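Let's take a friendly walk through a structure. Have the sequence and the 3D view open while you read.

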There are 2 protein chains.
Amino acid sequence: MASSASELSPRAREIVETARGLLEAEGPEALSMRRIADALGIKAPSLYKHLPDKRALEAALIAHGFEEIATAFAGAGDLAAVAAAYRAYANDHPHLYRLMTEGPLERERLEPGVETRAAAAIVAAAGGDEHTARAAWAFAHGMTILELDGRFPRGADLDAAWAAGIAAFDPR
Amino acid sequence: MASSASELSPRAREIVETARGLLEAEGPEALSMRRIADALGIKAPSLYKHLPDKRALEAALIAHGFEEIATAFAGAGDLAAVAAAYRAYANDHPHLYRLMTEGPLERERLEPGVETRAAAAIVAAAGGDEHTARAAWAFAHGMTILELDGRFPRGADLDAAWAAGIAAFDPR
DNA sequence: GTCTATACCCGGATAGAC
DNA sequence: GTCTATCCGGGTATAGAC
């Protein structure tokens, strides 16, 4: 498990932080080994003394994001509050959110439990029913990614769409 | 509007069909100008005599997919039927579905109305309420893309999750 | 309408010296 | 822990001959 986030050296952590800054500021094209090295004032090959490959770096970014989103959910009781926290996190960190949620996830690269901790608040808000929780997550992710990608019609009232979905899953 | 799908030359249409075959059979990495040309037995630069650039080709694939999904919705009355058709289309054409729904959409490249026609069945199934329709679409897209990407836990009962979401949006 | 040749980007990663 | 030099791959696109 040398690639698991908890075992990164201090220097590797610096690299990951720099990578995160680049990703958030400039998007996924900036997340190249060359650009990261440039930002650190070193050459790309030097990065490989600290991280085995690029995927390990991405895994560290993803794991950190999961921990952050779990923290963002803390204190959110009902589904509306969890959804608001979810939406806010994604809008605050759009490029990171995409990295976290798009495409297959290499779970072997993550510390166990990281994904579950992020999901826990959603399951709780769904009243503990796993099926409803998955459906609610799908709704939240769908709204989020379609919003980030500009897929809804111009001028669409997305607050109202979020509210409609939340009301559907959490009538009361 | 020379790049709009309706105005493609016969040869351009062959190219688009070949591209679609490659995309569906081998995934997005196969959707390169070199690979498409290879499959046609010509060289990549020759493609540019028929299509202005790669984005035009992608736009044609996307527009065709939208028409197909609109057709797939025909006859689906309630939300459950529309959702089933949506899920089936995406699972039958996963790479195309991703191309159609991931990232920003260059609407200038599409014939007007194509997107609206695909959406019409969802709006109708949502009882005509645009906010609920957007929320329901987000749910369906979220379920679909998370399913395609293997994001749900191994062994999760996704039929049950779909059913939970459908019940939430269309109680009765 | 096709070709060859080419220009111009980009990327991840390794070997071996210091 | 950093470097230089390099290898490998990929891609979109254009010019100009045939």
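A residue is called buried under 20% relative accessible area, exposed over 50%, and partly exposed in between, using a 1.4 Å probe and the protein chains only. Keep that scale in mind; by this rule, B:Glu67 is partly exposed, with a relative accessible area of 26%.

Before we go on, a word about the model. This is a predicted model, in which local features need pLDDT of at least 70 and side-chain atom pairs count only at pLDDT 80 or more, while totals for chains, interfaces and linings use all residues. Residues are numbered from 1 along each chain as its sequence is written, chains are lettered from A and ligands numbered from 1 in the order in which they are written, and side-chain values use heavy atoms, with hydrogens and water left out.

**Two copies**

How is chain B laid on chain A? A turn of 180° with a shift of 0.0 Å along the axis does it, giving an RMSD of 0.1 Å; the superposition is by least squares on the C-alpha atoms of residues with pLDDT of at least 70 in both copies. The two copies are therefore related as by a two-fold rotation axis. Both copies use the same surface, since 100% of the contact residues of chain B recur in chain A, where contact means heavy atoms within 4.5 Å.

**Around DNA strand D**

Sugar and phosphate make up 52% of the atoms of DNA strand D that come within 4 Å of the protein. By class, the nearby surface has six charged, five nonpolar and four polar residues. Here Asp, Glu, Lys and Arg count as charged, Ala, Val, Leu, Ile, Met, Phe, Trp, Tyr, Cys and Pro as nonpolar, and the others, Gly among them, as polar.

A backbone N or O atom of A:Lys43 lies 2.5 Å from one, an N or O atom in the side chain of A:Ser46 is 3.0 Å from one, and a polar backbone atom of B:Met33 is 2.9 Å from one. The elements giving two or more residues to this surface are helix 3 (44–47) of chain A and helix 2 (33–40) of chain B. Helices are DSSP runs (H or I, at least four residues), numbered from the N terminus.

**Salt bridges**

Side chains of opposite charge can pair when their charged atoms come close. A salt bridge is a side-chain nitrogen of Lys or Arg within 4 Å of a carboxyl oxygen of Asp or Glu. Over all chains, the structure has 28 of them. Here are some examples:

| Pair | N to O distance |
|---|---|
| A:Glu24 and A:Arg20 | 2.5 Å |
| A:Arg87 and A:Asp159 | 2.9 Å |
| B:Arg117 and B:Glu67 | 2.8 Å |

A:Glu24 and A:Arg20 both sit in helix 1 (residues 10–26) of chain A, four residues apart, about one turn of the helix. A:Glu24 is partly exposed at 28% relative accessibility, whereas A:Arg20 is buried at 13%.

A:Arg87 in helix 5 (residues 79–92) and A:Asp159 in helix 9 (residues 158–169) of chain A are 72 residues apart, so this pair links distant parts of the chain. A:Arg87 is buried at 19%, but A:Asp159 is exposed at 51%.

In chain B, B:Arg117 of helix 7 (residues 114–125) and B:Glu67 of helix 4 (residues 54–73) are 50 residues apart. B:Arg117 is partly exposed at 42% relative accessibility.

Finally, A:Asp53, A:Arg55, A:Glu106 and A:Arg109 are linked in a network of salt bridges.

Methods
A residue is near a molecule or strand if one of its heavy atoms lies within 4 Å of it. A polar contact is a pair of N or O atoms within 3.5 Å; within protein, one must be able to donate a hydrogen and the other to accept it, and residues adjacent in sequence count only if both atoms are side-chain atoms.
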